[in-house]
Amino acid sequence: MKMNFAGRVLDLSHCHVMGILNVTPDSFSDGGRFNNAEAALLRARQMVSDGAAFIDVGGESTRPGAAEVSTQEELDRVCSVVEAIKRELDVIVSVDTSNPVVMQETVKVGAGLINDVRALQREGAPEMAAKAGVPVCIMHIQGEPENMQDSPRYRNVRREVSSFLTERVRVAEAAGVLPEHIILDPGFGFGKTVEHNVQLLANLEQMRVLGHPLLVGISRKSMLGAITGREVHERLPASLAAATISAMKGASILRVHDVKETVDAVKIVTAVKEAM
Ligand code: 7PJ
């Protein structure tokens, strides 16, 4: 299961770690400390030396209730950082965006993966993802980031997440996205209660029947806080447990804040899986 990320080929039958690099002024778990290119590069360098295969650069906060950001603002936050990372580091740069203009401009400067938490639902996004010619992560979301946690509701969360993703894959492919460029993500915390999230994690292996590699983003999320009673900066053990479960159940990419620790957990999973 190999995938080509703008020239860098990765075997997604093994699990890889994606480090989160927020370049928003208000990112909740790194406090927006990395909002200039130099500081962002410093953080990226550390994550690469800790073993990250991807750096996910995000210029739009998608936490519940966050304000919308203009195209120009998002471009200003993200482009120079993507460019700087590509110039200096040997890593795949992923860009966390739903904006087709940001997709286009960041791929031009070297981004190798489009990570869209809105599953290419914005006008022109499927066509732009196709034109960009790089892999794309399609994530499940119920509602919009602004209102998604108001009252998440499902009759059968597993079935509804799967059918949403199947439909978005159909739309992406109809616009010209290659099937071998599609990664899927159940979207932990995006329009889901704690119970919904636990259901999805418990049955993650079932999502592999959709036939695409899986990406999981669960690091420090509120469901882990709800279960353990821990504040966001005390969620490393819970995050590692969730990462380990995800990797055991077949996730190909783990999107995390704590790269070094997660890389160790993944090494254990990979060794155990090879002996199974
Ligand atoms: C995710 C993401 C996720 C993907 C965020 C946070 C919220 N992208 N971007 N999957 N979450 N693909 O990190 O807590 O779960 S932002």
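The exercises below go through a predicted model, each with a task and a worked solution.

Residues are numbered from 1 along each chain as its sequence is written. Because the model is predicted, local features need pLDDT of at least 70 and side-chain atom pairs count only at pLDDT 80 or more, whereas totals for chains, interfaces and linings use all residues, and side-chain values use heavy atoms, with hydrogens and water left out.

**Exercise 1. Phe5**

Task: Find the strand that holds Phe5, decide whether Phe5 is buried or exposed, and list what Phe5 touches.

Solution: Begin with the place in the chain, where Phe5 belongs to strand 1, residues 2-5 (helices, H or I with at least four residues, and strands, E with at least two, are DSSP runs numbered from the N terminus). Next take the accessibility: Phe5 has a relative value of 2% and therefore counts as buried (buried means under 20% relative accessible area, exposed over 50% and partly exposed in between, with a 1.4 Å probe and protein chains only). Then turn to the contacts, meaning heavy atoms within 4.5 Å: leaving aside residues up to four places away in sequence, Phe5 touches Leu10, Leu12, Phe54, Ile92, Gly112, Leu113, Pro135 and Ile183.

**Exercise 2. The buried sides of helix 3 and helix 4**

Task: Work out which residues of helix 3 are buried, which residues of helix 4 are buried, and where they lie around each axis.

Solution: In helix 3, the buried residues are Pro100, Val102, Met103, Thr106 and Val107. They cover an arc of only 160 degrees around the axis, so they sit on the same side of helix 3 (the arc is that of the directions from the helix axis to the C-beta atoms). Their cover includes helix 2 (71-88), strand 5 (92-96), strand 6 and helix 4.

Helix 4, residues 125-132, has Ala125, Pro126, Met128 and Ala129 buried. Seen down the axis of helix 4, these residues fall within an arc of 165 degrees, so they line one face of the helix. They pack against helix 3 (100-108), strand 6 (113-116) and helix 5 (157-175).

**Exercise 3. The ligand**

Task: Say how many residues surround the ligand, and give the distances from the ligand to Asn115, Gly217 and Lys221.

Solution: The ligand is surrounded by 13 residues, and the closest are Asp96, Asn115, Asp185, Lys221 and Arg255 (a residue is near a molecule or strand if one of its heavy atoms lies within 4 Å of it). By class, this shell has six nonpolar, three polar and four charged residues (Ala, Val, Leu, Ile, Met, Phe, Trp, Tyr, Cys and Pro count as nonpolar, Asp, Glu, Lys and Arg as charged, and the others, Gly among them, as polar). Strand 7 (136-139) and strand 9 (215-217) each supply at least two residues of the shell.

For the distances, a polar side-chain atom of Asn115 lies 2.7 Å from a nitrogen atom of the ligand. A backbone N or O atom of Gly217 is 3.2 Å from a ligand oxygen, and a side-chain N or O atom of Lys221 is 2.6 Å from an oxygen atom of the ligand. The protein covers 91% of the 390 Å² of accessible area that the ligand has on its own (areas come from the Shrake-Rupley method with a 1.4 Å probe; for residues, only the protein chains shown count as cover).

Methods. Polar contact = N/O pair within 3.5 Å; in protein donor to acceptor, adjacent residues only side chain to side chain.
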